[in-house]
Amino acid sequence: MAIPFRLRPAEMKDAASLLAWRNDPATREASHNQDVIGLDAHIKWLSNSLNKPDLRLLWIAEMDGLAVGTCRADRLEYAWEVSWTVAPEVRGKGIAHQMLSKLVHNFNEPLVAQVKPDNIASMKVAERAGFVLDKQENGVLLYIYPSTPSIAD
Ligand SMILES: CC(C)(COP(=O)(O)OP(=O)(O)OC[C@H]1O[C@@H](n2cnc3c(N)ncnc32)[C@H](O)[C@@H]1OP(=O)(O)O)[C@@H](O)C(=O)NCCC(=O)NCCS
């Protein structure tokens, strides 16, 4: 039987998990800002994020009721920019793929994602969810997810 998996909106009660995942070394390595984030700054960031759903959307992925990862979408002028993190203790099990394949169905608009070229797992996850490599800019791979599914889909 399939293990229940869902994406739900993040809440303030998720602050500790989100901070731990954000400060994990591999997450920092994959991020533009690689600084360790402190608790106060994180709480402020999360509270602001949850209060601006027109600009930022945050989800928690739950597997069998346990928080196993997060996805985020930031409003750009022409698209939403998405990013994702799996809890360090459950990486290597295909969870990012499950998160992203659910996430893309929440949008009717184009999505973009930035992936560093050494992040092979994220490149694979993005491509498997339907993202297409658009270009490489400033050392980062820019992926796009078209707003209209192709006929083959
Ligand atoms: C990157 C990340 C999201 C991947 O999540 P995950 O669910 O654990 O991914 P998996 O380990 O199951 O790997 C996904 C795919 O990449 C493949 N893969 C993983 N590491 C690989 C490597 N070094 N070389 C080649 N393939 C690799 C897996 O085999 C899998 O392929 P498959 O779908 O064909 O089976 C997770 O490691 C993470 O949160 N990292 C830190 C934050 C981060 O990088 N976020 C993304 C920013 S763009």
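Eight elements each supply at least two residues of the lining of the largest pocket: helix 1 (15–23), helix 2 (25–30), helix 3 (39–50), strand 3 (66–75), strand 4 (80–86), helix 4 (95–103), strand 5 (111–115) and helix 5 (120–128). Helices here are DSSP runs of H or I with at least four residues, strands are E runs of at least two, and both are numbered from the N terminus. Strand 4 gives the most, with six residues. This is a predicted model, where local features need pLDDT of at least 70 and side-chain atom pairs pLDDT 80 or more, while totals for chains, interfaces and linings use all residues. Residues are numbered from 1 along each chain as its sequence is written, and side-chain values use heavy atoms, with hydrogens and water left out.

That pocket has a volume of about 1,300 Å³. Of its 43 lining residues, Thr27, Ser31, Ser83, Trp84 and Thr85 are the closest to its centre. (A pocket is an open set of points on a 1 Å grid over the protein atoms alone, where a 1.4 Å probe fits, with protein on both sides within 12 Å along at least five of seven lines; lining residues have an atom within 4 Å of a point. The volume is the space filled by probe spheres set on the points, which are joined across faces, edges and corners.)

So what takes up this space? The ligand does: to count as sitting there, more than half of a molecule's atoms must lie within 2 Å of the pocket's grid points. Helix 2, strand 4, helix 4, strand 5 and helix 5 each give two or more residues to the shell around the ligand, with helix 5 providing the largest share, six residues.

Of the 21 residues around the ligand (a heavy atom within 4 Å), Trp84, Val86, Gly92, Ala96 and Arg128 come nearest. Now look at the polar contacts, pairs of N or O atoms within 3.5 Å. Polar backbone atoms of Gly92 sit 2.7 Å from a ligand oxygen, and for Ala96 a backbone N or O atom lies 2.8 Å from one.

Key:
A polar contact is a pair of N or O atoms within 3.5 Å; within protein, one must be able to donate a hydrogen and the other to accept it, and residues adjacent in sequence count only if both atoms are side-chain atoms.
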